[in-house]
Amino acid sequence: MQPRNMSMSGVVDLAAVKAAGEAKAKAEQARAESARQAAQGGGAGPAAGAVPPSALVVDVDEAGFERDVLQLSAEVPVVLDFWAEWCEPCKQLSPLLERLTLEANGRLVLAKVDVDANQMLMQQFGIQGIPAVFAVVAGQVLPLFQGVAPEQQIRETLAQLVQVAEDRFGIIGIEVDPAAEGEPRAAAAETEVPAGPYDALLEAAVVALDAGDLGGAVQAYKNVLTDDPGNTEARLGLAQAELLVRVQDMNPQAVRTAAAENPRDPAAQIAAADLDLVGGHVEDAFGRLVDTVRVTFGEDRDTVRLRLLELFEVIGTDDPRVSAARTALARVLF
């Protein structure tokens, strides 16, 4: 199966963002309850849904990718270790990643992918060599590093991953209990979380997207932003929905032909960049518009620049590809 979100290679998975907020609320509820019990002198045992340490390092295949990686990434950052039995560097890196994951005590999960048995996943992630390490946070794929890196460098990378997950998505990990048994995740899923003030509208937008009602999704997100301009899920969702509206009636061959024949035409390049992004070619989309800014002036240049900023919103402003494109844009403008 194709991992959700890989088709747009970085476009925000709206359901995962929503689930991330719910996961944070669940975790905060459990912590508050534990603190209350401790204050009453009753002690604080493990929260319902705590997992055993063995659940922090798992083997993942194509069939279970949706459940074991994408869905789980709404609760805890999932580190992907692409390895093979014949790979000697993998035999150095994998045990180190396992140890650091266990030391993180629930703030990370390590998913090990045997590339010999999962060639499709290897191709979808564009892996040219192993070991290769990625992360998935709230449904978004982040490349970390390839090859064997020094332990301190890996520690710092994982620490940054944990911080980004918490700061950007409110993902604070899962509780670990060495004595946990059974199916802890099912128990955790039963915890009720109070609905937020815009949950119904945001859910309506996701349903509209799934049904192909792009206009309805756009309007639902705009309704949320009217009352709450800073709502992250609505802002990201609107950017994605508007992108899909723009490309739904395009003739890809005609758009790409026009772009190739008119390299200085802002409209032609903007249309091609939209197609690039929907097709998962994020760097191509950004590079195309940066190059167009370089060769245009006045209102044309400003039109292209503003579309590029809109595409940054679709991907997420903390994405390293956005940071690189911002730097390239600054060099062109200044």
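I take a salt bridge to be a side-chain nitrogen of Lys or Arg within 4 Å of a carboxyl oxygen of Asp or Glu. The model I am working on is predicted. My search of the whole structure returned 18 salt bridges. I looked up three of them, as follows.

**Entry: lysine 91 and glutamate 88.** I find their side chains joined in a salt bridge, at 3.3 Å from N to O. Both residues sit in helix α3 (residues 88–104). They are 3 residues apart, about one turn of the helix. I checked accessibility next. Lysine 91 comes out at 45% relative accessibility, so I log lysine 91 as partly exposed. Glutamate 88 has 49% and is also partly exposed.

**Entry: glutamate 98 and lysine 112.** Here the closest N and O atoms of the salt bridge are 3.4 Å apart. Glutamate 98 belongs to helix α3 and lysine 112 to strand β3 (residues 109–114), so this pair ties together parts 14 residues apart in sequence. Is lysine 112 buried or exposed? I get a relative accessible area of 10%, and the cut-off for buried is under 20%. Lysine 112 is therefore buried. Glutamate 98, at 27%, is partly exposed.

**Entry: glutamate 103 and arginine 155.** The closest N and O atoms in this salt bridge lie 3.0 Å apart. I note a link between distant parts of the chain: glutamate 103 is in helix α3, arginine 155 in helix α5 (residues 151–169), and 52 residues separate them. Both partners are partly exposed, glutamate 103 with a relative accessible area of 44% and arginine 155 with 32% relative accessibility.

Terms used:
Residues are numbered from 1 along each chain as its sequence is written. This is a predicted model: local features need pLDDT of at least 70, side-chain atom pairs count only at pLDDT 80 or more; totals for chains, interfaces and linings use all residues. Side-chain values use heavy atoms; hydrogens and water are left out. Helices (H or I, at least four residues) and strands (E, at least two) are DSSP runs, numbered from the N terminus. Buried means under 20% relative accessible area, exposed over 50%, partly exposed in between (1.4 Å probe, protein chains only).
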